[in-house]
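Here is a short report on one protein chain. Keep the structure in view while reading.

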Amino acid sequence: MSDPNPISPADFLDISIGAQRLAIIENHQIVQTYPVSTAKKGTGAQKGSYCTPLGWHKIRAKIGAGQPLNAVFIGRRATGETYNQALKQQYPGRDWILTRILWLGGLEPGRNRYGDVDTAWRYIYIHGCPDELMTGSPESHGCIRMKNADVADLFGRVNAGLSVYIHP
């Protein structure tokens with residue numbers, strides 16, 4: 001766990017770009033970790049960059065409670081579809097958002113909040129993706145991708161408003 005801010009909260013999500021890992025921190029201790037995939041284009045906050053933003057964020061909304069694993073979302077709404085190979089072939093270029101969405105909002109004005117660097121306005125999420133895309137390397141369009149069972153598990157463990165720290 002990397003923590004340059006000595007006043008960090010006792011409970012938060014720690015996302016390491018270098019390790020491609022998300023950790024749940026409770027009472028300053030790691031209680032669970034998951035593999036993730038962050039942006040193929042690296043880190044950055046600029047609108048349209050397709051990069052993963054750094055710094056302190058919060059979970060501004062939890063979306064998808066009660067949906068099945070592999071439920072497909074477009075515009076933060078479940079389509080009623082379930083991801084499968086036939087759907088993948090029908091929409092080969094789609095950036096799949098599956099199972100659950102934790103929509104992030106930046107907490108640092110000028111770095112990841114407001115203007116052209118606003119994480120929420122860039123629609124940066126922690127979300128499920130086709131499990132075969134989880135290769136251990138950065139491959140997303142800016143979001144933090146997770147395996148479907150992992151994002152469902154994480155979704156059940158956290159509340160909206162929880163702090164999230166994304167770092168190199």
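## A partly exposed histidine

H28 counts as partly exposed, at 41% relative accessibility. Here buried means under 20% relative accessible area, exposed means over 50%, and partly exposed lies in between, with a 1.4 Å probe and protein chains only. H28 sits in the loop between β2 and β3 (29-35). Its phi is near 65 degrees, a positive value in a residue other than glycine. Helices (H or I, at least four residues) and strands (E, at least two) are DSSP runs, numbered from the N terminus.

This is a predicted model, in which local features need pLDDT of at least 70 and side-chain atom pairs count only at pLDDT 80 or more, while totals for chains, interfaces and linings use all residues. Residues are numbered from 1 along each chain as its sequence is written, and side-chain values use heavy atoms, with hydrogens and water left out.

## Another positive phi

Y114 also has a positive phi, near 75 degrees, in a residue other than glycine. Y114 belongs to the loop between β7 (98-106) and β8 (125-128). Its relative accessibility is 43%, so Y114 counts as partly exposed.

Strand β1 covers residues 12-16, and five of its five residues are buried. In a regular strand the side chains alternate between the two faces of the sheet. Both faces of β1 are covered. F12, D14 and S16 lie on one side, and L13 and I15 on the other.

β1 runs parallel to strand β10 (residues 163-167), and five bridges join them. Two strands pair if DSSP finds at least two bridges between them. F12 stands opposite S163 in β10. β1 also pairs with strand β2 (residues 21-26), in the antiparallel sense, over five bridges. There, I15 stands opposite L22. The hairpin of β1 and β2 has four residues between the strands, and in it Q20 takes a positive phi near 50 degrees.

I24 is found in β2. I24 is buried, with a relative accessible area of 3%. I24 and L13 are eleven residues apart in sequence, yet 4.8 Å apart in space, C-alpha to C-alpha.

## Helix α2

Which residues of helix α2 (residues 148-157) are buried? They are N148, D150, V151, L154 and F155. These residues cover an arc of only 160 degrees around the axis, which puts them on the same side of α2. The arc is that of the directions from the helix axis to the C-beta atoms. An α-helix has 3.6 residues a turn, so residues three or four places apart point the same way.

## The largest pocket

The largest pocket holds about 380 Å³ of space. Of the 20 residues that line it, D95, R122, Y123, H141 and C143 are the closest to its centre. On a 1 Å grid over the protein atoms alone, a pocket is an open set of points where a 1.4 Å probe fits, with protein on both sides within 12 Å along at least five of seven lines; lining residues have an atom within 4 Å of a point. Grid points are joined across faces, edges and corners, and the volume is the space filled by probe spheres set on them.

The lining divides into ten nonpolar, five polar and five charged residues. Ala, Val, Leu, Ile, Met, Phe, Trp, Tyr, Cys and Pro count as nonpolar, Asp, Glu, Lys and Arg as charged, and the others, Gly among them, as polar.

## Cysteines

How many disulfides are there? The count is zero, where a disulfide is a pair of cysteine sulfur atoms within 2.5 Å. For C51, the nearest cysteine sulfur, that of C143, is 12 Å away. C129 is in no disulfide, and its nearest cysteine sulfur, that of C143, is 10 Å away. C129 is buried, with a relative accessible area of 0%.
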